[in-house]
Amino acid sequence: MSRPQPPIAMLAELTHVCPLACPYCSNPMELTKKSDELDTATWARVFAQAADLGVLQLHLSGGEPAARRDLVELVKAARDAGLYTNLITSGVGLTEAKLTALDAAGLDHVQLSVQGITAALADRIGGYKGGFERKMHVAERIAEIGFPLTLNAVMHRHNLDDLPATIALAQRLGARRIEVACVQFHGWAEANRGQLQPTADQVHAAKATVEAERERLKGALVIDFVAPDWFSDFPKACMGGWGSTGLNITPAGDVLPCHAAESIPSLEFANITQASLSDIWYDDAAFNAFRGTDWMPPLCQSCDRRDIDFGGCRCQAMAIAGDAKATDPICRKSPDRAKVDALLNVAPSEAPFVYRGRV
Ligand code: SF4
Ligand code: SF4
């Protein structure tokens with residue numbers, strides 16, 4: 001296997017603390033305690049190591065990153081290291097004074113998540129009354145300061161029909177880009193599959209909406225749409241291939257090839273307090289576990305798409321086929337494809353959401 005290219009982007013999950021409790025949260029079921037979080041100096045050291053390694057973009061995420069009292073210091077440290085900084089936030093907990101201080105510290109970009117286009121739906125999804133109103137207020141301050149803004153919407157059965165209105169909201173708030181991602185069923189989302197899974201008709205309608213809106217809004221708004229691959233014949237090239245473009249750091253400093261990698265029980269992750277980011281990126285067993293094509297099952301090894309989709313998503317293979325080394329069960333050639341079809345037939349449930357836990 002040839003030496004991998006350096007990563008382009010790093011996601012720093014600064015904390016698992018969040019005022020919201022979305023039922024599709026990508027945080028693990030077992031959340032990190034505040035007392036186990038990396039301290040300011042360690043994060044600053046990690047940011048410097050990331051820049052040395054070749055990382056260009058730093059995504060500051062959580063939980064809610066604004067729950068870290070040292071957020072401004074962390075942004076400054078990242079900018080001092082030469083990284084482009086993007087704050088991924090629910091907006092709840094960001095004050096006008098904090099936004100002004102983040103601007104002064106050099107924050108480059110804000111990515112604001114929306115849980116719905118009405119207060120009733122957004123607050124129900126986020127499990128936080130008054131959250132939508134506060135978010136809209138924060139969005140106004142973001143626009144006043146002039147941060148480039150991306151709106152980020154996780155879509156599911158309860159809000160996918162609102163896609164045109166969600167795009168209109170992005171425009172109203174002055175966003176330059178909207179990222180629309182259909183919910184990915186790992187962890188908390190998997191526990192809410194019946195409540196969240198959209199229908200095939202909803203997904204197809206959303207694809208048509210995105211196509212038409214991209215044409216209509218050319219030059220005014222960029223629309224990124226991550227459609228689920230459940231209805232496709234082949235899987236997506238997850239993360240552009242395992243350990244090839246980016247990495248994630250958990251609040252406690254574990255270094256992961258992707259945000260859901262902890263769902264693969266056979267992997268052990270190095271901690272940034274015990275090894276350098278460079279050593280982990282190039283030599284860690286978890287990063288090398290699914291790099292290249294050697295690990296692939298014979299079905300993928302002999303397939304002409306193996307350098308296109310890299311055998312799909314390892315976490316999806318783990319979740320559905322029960323084996324991280326299996327062909328992604330989305331693939332029509334996979335012996336496990338029937339399991340995907342069975343999941344797509346899960347009856348819609350009106351049961352209450354299983355909300356993300358609190359730290
Ligand atoms: S998905 Fe919701 S609960 Fe999870 S970190 Fe984001 S805002 Fe918080
Ligand atoms: S067999 Fe493997 S490489 Fe080929 S299309 Fe399916 S998942 Fe991709």
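Reader: Which residues surround ligand 1?

Author: In this predicted model, where local features need pLDDT of at least 70, side-chain atom pairs count only at pLDDT 80 or more, and totals for chains, interfaces and linings use all residues, C18, L20, A21, C22, C25, N27, G62, G63, E64, S90, S113 and R356 surround ligand 1. Residues are numbered from 1 along each chain as its sequence is written, while chains are lettered from A and ligands numbered from 1 in the order in which they are written. A residue counts as near a molecule because its C-beta atom, placed from the backbone, lies within 6 Å of it.

Reader: How many residues of that shell are nonpolar, polar and charged?

Author: Five are nonpolar, five polar and two charged. Ala, Val, Leu, Ile, Met, Phe, Trp, Tyr, Cys and Pro count as nonpolar, Asp, Glu, Lys and Arg as charged, and the others, Gly among them, as polar.

Reader: And what makes up the shell around ligand 2?

Author: Six nonpolar, three polar and five charged residues. C300, C303, R305, R306 and C331 are the closest.

Reader: Why are strand 7 and strand 9 called edge strands?

Author: The open sheet has nine strands in the order 7-6-5-4-3-2-1-8-9, with mixed pairing. Strand 7 (222–226) and strand 9 (255–256) each pair on one side only, so they are the edges. Strands are DSSP runs of E, at least two residues, numbered from the N terminus.

Reader: What makes strand 8 and strand 9 a pair?

Author: Pairing needs at least two bridges found by DSSP; strand 8 (residues 246–249) and strand 9 have two, in the antiparallel sense, so they qualify. N248 stands opposite L256 in strand 9.

Notes. Helix = DSSP H or I, 4+ residues; strand = E, 2+ residues; numbered from the N terminus.
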